[in-house]
Amino acid sequence: MPKEARPSTGEQAKQHALAQLRQAILHGEMAPAQRLVENELAEQFGVTRASIRAALIDLESQGLVERIRNRGSRVRVVTVDEAVAITECRMVLEGLCAAKASVAASDEQLVELTDLGTAMSKAVADGEPVTYSELNHELHVRIREFSGQQTAQELLERLNAQLVRHRFQLALRPGRPQQSLNEHLTMIEAIRARDPQAAETAVRAHLTSVIEALRD
């Protein structure tokens, strides 16, 4: 939206600030523990402090921002223990989605998953961990979408948003993408085989490995 057309007050302004802040946090442009100063953000996004304050309240409810007493807001720091707990919840929901996707996905969608697996293999072979991390995220998104389980999708979107920093850190860890790749290819193969139990088992095995890596 051009700056001159951007609303500075009201619900539209809050939604604009919310979208911009959320994107900055998810893309790593705002680091964990970074202070979020209302005046500075209001000037940056061309909205009022009230709009920024309302957006920060929404982000706090999403687990992306935390308020520190007498110090204002900052990007939430997700500890390893919290990341493990979130991943344990993901294990149940993503296992459900994989099982459902193995039944509900169209043949065209199965081809899409296969193509993602091929692209992930190439990223690992080419030594491109950031590309691999992005493809990894896209694969999980597609499996959730193909499952048709809307409630699980919404819950997982909230949970995964809190793990962005840990996801990138794991992707950059030497040897981790190679191990993760094999786990993802097993997931894809089970879904392609239209085997719900195998699909769920593969997802649980992958996320168990993620938990072990987080704890290392």
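**Burial, contacts and backbone geometry in the predicted chain**

Arginine 90 counts as buried, at 10% relative accessibility, where buried stands for under 20% relative accessible area, exposed for over 50% and partly exposed for the range in between (1.4 Å probe, protein chains only). The structure described here is a predicted model, in which local features need pLDDT of at least 70 and side-chain atom pairs count only at pLDDT 80 or more, whereas totals for chains, interfaces and linings use all residues. Residues are numbered from 1 along each chain as its sequence is written, and side-chain values use heavy atoms, with hydrogens and water left out.

The confidence of the predictor in each residue is expressed as pLDDT, on a scale from 0 to 100. The protein chain has an average pLDDT of 92, and 96% of the residues score at least 70. Helices (H or I, at least four residues) and strands (E, at least two) are taken as DSSP runs and numbered from the N terminus. Among these elements of the protein chain, the highest mean pLDDT, 98, belongs to helix H5 (residues 107-125), and the lowest, 85, to helix H8 (residues 164-171).

Arginine 90 is a residue of helix H4, which spans residues 80-104. When neighbours within four places in sequence are left aside, arginine 90 is in contact (heavy atoms within 4.5 Å) with Gly95, His140, Leu156, Leu159, Asn160, Leu163 and Leu207. Serine 147, for its part, lies in helix H6 (residues 129-147) and is buried, with a relative accessibility of 6%. Apart from neighbours within four places in sequence, the contacts of serine 147 are Cys97, Lys100, Ala101 and Ala104. The side chain of serine 147 also reaches the backbone nitrogen of glutamine 149 at 3.0 Å; a polar contact is a pair of N or O atoms within 3.5 Å, of which, within protein, one must be able to donate a hydrogen and the other to accept it, and residues adjacent in sequence count only if both atoms are side-chain atoms.

Cysteine 97, one of the residues in contact with serine 147, is buried at 0% relative accessibility, while cysteine 89 is partly exposed, with a relative accessible area of 41%. With a disulfide taken as a pair of cysteine sulfur atoms within 2.5 Å, the count of disulfides comes to zero. Cysteine 89 is accordingly in no disulfide, its nearest cysteine sulfur being that of cysteine 97, 14 Å away. The closest cysteine sulfur to that of cysteine 97 is likewise the one in cysteine 89, and the separation of 14 Å is too far for a bond.

Helix H2 (residues 38-45) has buried residues at Glu38, Leu41, Ala42 and Phe45. These four lie on the same side of H2, because they cover an arc of only 100° around the axis, the arc being that of the directions from the helix axis to the C-beta atoms. An α-helix has 3.6 residues a turn, so residues three or four places apart point the same way. On the other side of H2, Glu40, Glu43 and Gln44 are exposed. The cover over the buried residues of H2 includes helix H1 (10-26), strand S1 (35-36) and helix H3 (49-61).

Around the end of helix H5, valine 124 belongs to the helix itself, and aspartate 126 to the loop between H5 and H6. Valine 124 is buried at 15% relative accessibility, whereas aspartate 126 is partly exposed, with a relative accessible area of 39%. Not counting residues up to four places away in sequence, valine 124 touches Tyr132, Pro177, Gln178 and Leu181. Aspartate 126 and glycine 95 are 31 residues apart along the chain, and their C-alpha atoms are separated by 29 Å.

Positive phi values occur at several backbone positions, among them glycine 46, which follows just after H2 and has a phi of about 70°. Most residues other than glycine have a negative phi. Alanine 33, however, has a positive phi near 80°; this residue sits in the loop between H1 and S1 and is partly exposed, at a relative accessible area of 36%. Arginine 194, also a residue other than glycine, has a positive phi near 55°. The position of arginine 194 is in the loop between helix H9 (176-192) and helix H10 (196-215), and with 33% relative accessibility arginine 194 counts as partly exposed.
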